[in-house]
Amino acid sequence: MTDLIFPGLTDIVMPMKEPLCHINEIADPGAKGFELAHNDKTLAFFVVKKHGQIFGYLNKCPHVGINLEWRPDDFLNIDKSLIQCSVHGAEFIIETGHCIGGPCRGKMLDSVKLVLDAQGNVFLDDNQPF
Ligand code: FES
């Protein structure tokens, strides 16, 4: 893998050669948050697992732009059917990041592309959509 470049954020360049985690480290359904720091820049994002599939999003609520979780790795609602922002309760579809309830209804979480290798290791993709 090569360095990751996130020009849409703050020109973050991440040397990303190690896996984020193993897929079995995330409950199903469940989520895990990550913060990668490099050259005093930080990229905050989270990975959600549902039915064996993984989905990645920036940890940035489209309502106010702050982190979504109220405690580490707690990104889902009570029945774990939706991503939920802890601040004002916006709810997002796990598979798409589309907001279906709350103050930012109709907006989207920013996707983070992931790679799952044959051994179950989760990586950030080299080519991000932002
Ligand atoms: S900050 Fe997320 S719903 Fe308001």
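**Sheets, buried asparagines and charged pairs in a predicted model**

Apart from neighbours within four places in sequence, glycine 101 is in contact (heavy atoms within 4.5 Å) with Gly89, Ala90 and Glu91. The model is predicted: local features need pLDDT of at least 70, side-chain atom pairs count only at pLDDT 80 or more, and totals for chains, interfaces and linings use all residues. Residues are numbered from 1 along each chain as its sequence is written, and side-chain values use heavy atoms, with hydrogens and water left out.

Glycine 101 belongs to strand S9. Helices (H or I, at least four residues) and strands (E, at least two) are DSSP runs, numbered from the N terminus. Glycine 101 has a relative accessible area of 8% and is therefore buried. Buried means under 20% relative accessible area, exposed means over 50%, and partly exposed lies in between (1.4 Å probe, protein chains only). Glycine 89 lies twelve residues from glycine 101 along the chain, with 7.9 Å between the two C-alpha atoms.

S9 is part of an open sheet of three strands, in the order S7-S8-S9 with antiparallel pairing. Two strands pair if DSSP finds at least two bridges between them. S7 and S9 are the edge strands, each pairing on one side only. On average, neighbouring strands of this sheet are turned by 40° against each other, direction ignored. Axes here are lines fitted to C-alpha atoms, for helices over the stretch in contact, and angles run from 0 to 180 degrees between N-to-C directions. S7 and S8 run antiparallel and are joined by three bridges. Leucine 82 has isoleucine 93 in S8 as its bridge partner.

A further open sheet has three strands in the order S3-S12-S11, again with antiparallel pairing. Its edge strands are S3 (21–22) and S11 (114–116), each of which pairs on one side only. S3 is joined to S12 (residues 121–124) by two bridges, and these strands run antiparallel. Cysteine 21 stands opposite valine 122 in S12.

The loop between S6 and S7 holds asparagine 59. Asparagine 77 is in the loop between strand S6 (53–58) and strand S7 (82–84) as well. Asparagine 59 is buried because its relative accessible area is 6%. Its side chain reaches the backbone nitrogen of leucine 68 at 2.8 Å. The side chain of asparagine 59 also makes a polar contact with the side chain of glutamate 69, at 2.9 Å. A polar contact is a pair of N or O atoms within 3.5 Å; within protein, one must be able to donate a hydrogen and the other to accept it, and residues adjacent in sequence count only if both atoms are side-chain atoms.

Asparagine 77 counts as buried because its relative accessibility is 10%. Its side chain makes a polar contact with the side chain of aspartate 79 (3.2 Å). A polar atom of the asparagine 77 side chain also lies 2.9 Å from the backbone nitrogen of serine 81. Beyond its neighbours within four places in sequence, asparagine 77 is in contact with Leu82, Gln84 and Glu91.

Two salt bridges are present in the structure. A salt bridge is a side-chain nitrogen of Lys or Arg within 4 Å of a carboxyl oxygen of Asp or Glu. One joins glutamate 95 to lysine 50, with the closest N and O atoms 3.0 Å apart. This pair links distant parts of the chain, 45 residues apart: glutamate 95 is in the loop between strand S8 (91–93) and strand S9 (99–101), and lysine 50 is in strand S5 (residues 41–50). Glutamate 95 is partly exposed, at 36% relative accessible area. Lysine 50 counts as buried, at 18%. Aspartate 74 and arginine 71 also meet in a salt bridge, 2.8 Å from N to O. Aspartate 74 counts as buried at 15% relative accessibility, whereas arginine 71 counts as partly exposed at 47%.

The structure holds zero disulfides (pairs of cysteine sulfur atoms within 2.5 Å). The closest cysteine sulfur to that of cysteine 104 is in cysteine 99; the two are 3.8 Å apart and therefore too far for a bond. Cysteine 104 is buried, with a relative accessible area of 2%. Cysteine 61 also counts as buried, at 4% relative accessibility.
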